[in-house]
Amino acid sequence: MTMDLLSSLSLSTPELILAVGAMVLLMVGAYSRGNSSTAVTGLAVAILALAAVWILVAQAHGTAFAGAYVQDDFSVFMKVLTLAGSAFTLIMYVGFAKVERFDNFEYPVLVMLSTLGMMVMISANSLLALYLGFELQSLALYVVAAINRESARSSEAGLKYFVLGALGTGMMLYGISLTYGYTGSIDFAKVAAAVTGERQLGALFGLIFILAGLTFKISAVPFHMWTPDVYEGAPTPITAFFAVSPKVATMALILRVTMDAFAPAASEWQQIIVFISIASMVLGSFAAIGQRNFKRMMAYSSIGHMGFCLVGLAADSEAGIRGVVIYMLIYVAMTLGTFAFIIAMRRKEGQVERIDDLAGCASTNPWMATILTILLFSLAGIPPLAGFWAKWYVFLAAINSGLYALAVIGVLTSVVAAFYYLRIIKIMWFDETAGGFLPMAGELRFVFGLSGAFVLFYVLIGGPISTYAEAAARSFF
């Protein structure tokens, strides 16, 4: 028994690093004299990096805690991506806090606790581990959304996210209870074995409710309603965090639930995923056209991108899962760079967020305009940038699985979505200048430049990434 516990603790060392690190940093922040936000944030980034290095270098594969926790190539890839997303958003937060005088040492601690929940989600191999990870992630996110207590918009965003999030969590918990009631187990392997029998129909009702709760977190239609308001109301670095790490972890959990626990019922859940994918692609593409606030536009853009990503899952193949993994990596890179730019949209009178404020940016801030143009072309899926390859892999997987209509709808909605990305490029390069922005903080410049370089040169490094993604996808087959 003691050996099993030690083995389990050894396998979950990265989670322990985050948990202990968050507790220590909470004490450091609480008992430090003066402003400790920058120091705590820097230490938080170091702890996130340490956890990622541990996963890559020293992490063994296997199951822990009586099979409730699994570590494989898929969880390694998605955990490192989640940790990287959280670390880069904290780096961006340092650049934001300097100019906005927004110093909350609690924020990096909450990000670490939320990331801990995400890591549990990614390794979940039972319905209980799924719920524990999901709730630990969500509770920290509710606080983070409303952390700027002096802003009515931020408080409103936090309240909306909490109320709708509680609804999503309740639906998921009801689905878990239904699944347990019909299958007699919370373990994914035993659920999969039971789903093949006469109890399949009842368990499928459970799956529908579980997917409702999970798709809420990736803001897929029809559970997207919180996204534009929370994206607009929350402070921009926090919006960037919402747009990146939680979506990676939740997408990983959706893959775990469908490909492991409900693998025998693939023909049934495929129909649900196809509907959610099409609805998200269509709404994300058309609703963003009328947006004049950059953050709201990015909210609808993210809804559309989650729809594109789910095309790979709908294919129900190794190539499709590889496509989802690659898509999430590229989506994180593009989103981080774009939000670094939005944080840097600052004039002497304060922060600006309207798309029209970008007018003439190419003449006042040429290098910023050039990198943002690259990122927007990539978001639109223009070859040979990274965004093109993200869509290429998922659409190709859908075609190979015979989902021709889904692939065609995906391509058509990509064309529609290209309009609002190209409109921003046109405003930056061809409209009369509305005034330049203040110099970009060094931390933001680092994330912005790295993101632009990754998107631009992805074609040169895509081979090794595809190999790692293929190994991750093979974990399910």
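Visitor: How many aromatic pairs does the structure hold?
Guide: This is a predicted model. A pair of aromatic rings is described by the distance of the centres and the angle of the planes. The number of aromatic pairs held here is 22.

Visitor: Is the aromatic pair of Tyr161 and Phe216 stacked or edge-to-face?
Guide: The two ring centres lie 6.1 Å apart, with 25 degrees between the planes. Planes under 30 degrees apart count as stacked. So the pair of Tyr161 and Phe216 is stacked.

Visitor: Which helices does this pair link, and how many residues apart are Tyr161 and Phe216?
Guide: Tyr161 belongs to helix H7, residues 152–183. Phe216 belongs to helix H9, residues 200–217. The pair links distant parts of the chain, and the separation is 55 residues.

Visitor: Is Tyr161 buried or exposed?
Guide: Buried means under 20% relative accessible area. Tyr161 has a relative accessibility of 1%. Therefore Tyr161 counts as buried.

Visitor: Is the pair of Tyr161 and Phe242 stacked or edge-to-face?
Guide: Their ring centres are 5.1 Å apart. Planes over 60 degrees apart count as edge-to-face. The planes of Tyr161 and Phe242 stand at 90 degrees, so this pair is edge-to-face.

Visitor: Where does Phe242 lie, and how many residues is it from Tyr161?
Guide: Phe242 is in helix H11, residues 236–243, while Tyr161 is in helix H7. The pair links distant parts of the chain. The separation is 81 residues.

Visitor: Which residues do ring pairs link into a cluster with Tyr161?
Guide: Phe216 and Phe242 are among them.

Visitor: Which residues is Phe341 in contact with, leaving aside its neighbours within four places in sequence?
Guide: Phe294 is one of them.

Visitor: Which element gives the largest share of the lining of the largest cavity?
Guide: The structure holds 1 cavity of 30 Å³ or more. About 40 Å³ of space lies in the largest cavity. Helices H14 and H15 each give two or more residues to its lining. The largest share, 4 residues, comes from H14.

Definitions and conventions: Residues numbered from 1 in each chain as written. Predicted model: local features only at pLDDT ≥ 70, side-chain atom pairs only at ≥ 80, totals over all residues. Heavy atoms only, no water. Phe/Tyr/Trp six-rings, centres within 6.5 Å; stacked < 30°, edge-to-face > 60°. Buried < 20%, exposed > 50% of the residue type's maximum accessible area, 1.4 Å probe, protein only. Contact = heavy atoms within 4.5 Å. 1 Å grid on protein atoms, 1.4 Å probe; cavity = no way out; pocket = protein on both sides within 12 Å on 5 of 7 lines; lining within 4 Å. Points joined across faces, edges and corners; volume = space filled by probe spheres on them.
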